[in-house]
Amino acid sequence: MNCLFCKIIAGEIKSTKAYEDSKVLAFQDLNPIAPVHILIVPKMHIASADYLDAASSQIVGDIFLVASKLAEKLNLNGYRIINNCGEDGGQSVPHIHFHLLGGKRLNWEPL
Ligand code: 5GP
Ligand code: ZN
């Protein structure tokens with residue numbers, strides 16, 4: 001599969017892992033935009049939120065639980081979870097992923 005995050009999951013491309021279980025991998029973003037910037041991905045290839053279905057959508061809940069666990073482990077005083085979907089959403093890697101951002105007071109401004 002010619003997918004960057006599938007290659008990271010397979011260990012063909014190196015990453016700095018933050019969490020792993022049978023269904024989910026979390027690793028440091030290569031170009032962090034906050035002091036904490038971790039990508040949380042399902043090990044199963046799903047191209048984007050638009051490709052979730054009733055069977056696969058459980059993984060989104062699993063990923064939110066991982067985000068919460070990581071935030072607790074990292075002592076975050078709050079955090080943000082972002083999923084970019086599709087071209088206008090700013091998705092650059094076509095394997096669904098959630099950005100866990102934190103480590104500072106995050107601003108919230110009109111885009
Ligand atoms: P998107 O823009 O699709 O929501 O997020 C993709 C993210 O993947 C970006 O934040 C980018 O920095 C990160 N990224 C791109 N290539 C790599 C890589 O090879 N390794 C890691 N760890 N992160 C990557
Ligand atoms: Zn993939």
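Me: What makes the pairing of histidine 97 with ligand 1 a polar contact?

Reply: A polar side-chain atom of histidine 97 lies 2.8 Å from an oxygen atom of ligand 1, and since a polar contact is a pair of N or O atoms within 3.5 Å (within protein, one must be able to donate a hydrogen and the other to accept it, and residues adjacent in sequence count only if both atoms are side-chain atoms), the pair qualifies. The protein covers 83% of the 520 Å² of accessible area that ligand 1 has on its own, by the Shrake-Rupley method with a 1.4 Å probe. The model is predicted, so local features are given only at pLDDT of at least 70 and side-chain atom pairs only at 80 or more, while totals for chains, interfaces and linings use all residues. Residues are numbered from 1 along each chain, chains are lettered from A and ligands numbered from 1 in the order written, and side-chain values use heavy atoms, without hydrogens and water.

Me: Which backbone atoms make polar contacts with ligand 1?

Reply: A backbone N or O atom of leucine 30 is 3.3 Å from a nitrogen atom of ligand 1, and a polar backbone atom of glycine 90 is 3.1 Å from an oxygen atom of the ligand.

Me: How many residues surround ligand 1, and what kinds are they?

Reply: The shell holds 16 residues, the closest being Asp29, Asn84, Ser92, His97 and His99, where a residue counts if one of its heavy atoms lies within 4 Å of the ligand. They divide into seven nonpolar, eight polar and one charged. Helix α1 gives the most, with three residues.

Me: How do you know whether histidine 37 is buried or exposed, and what does its side chain contact?

Reply: Histidine 37, in strand β3 (residues 36-42), has a relative accessible area of 4%, so it is buried. A polar atom of its side chain lies 3.0 Å from the backbone nitrogen of isoleucine 33, and a polar contact of 2.8 Å joins it to the side chain of histidine 99.

Me: What makes asparagine 75 stand out in its backbone, and is it buried or exposed?

Reply: Asparagine 75 has a positive phi of about 60° although it is not a glycine. Most residues other than glycine have a negative phi. Asparagine 75 sits in the loop between α2 (58-73) and β4 (79-82), and its relative accessible area is 68%, so the residue is called exposed.

Conventions: Helices (H or I, at least four residues) and strands (E, at least two) are DSSP runs, numbered from the N terminus. Ala, Val, Leu, Ile, Met, Phe, Trp, Tyr, Cys and Pro count as nonpolar, Asp, Glu, Lys and Arg as charged, and the others, Gly among them, as polar. Buried means under 20% relative accessible area, exposed over 50%, partly exposed in between (1.4 Å probe, protein chains only).
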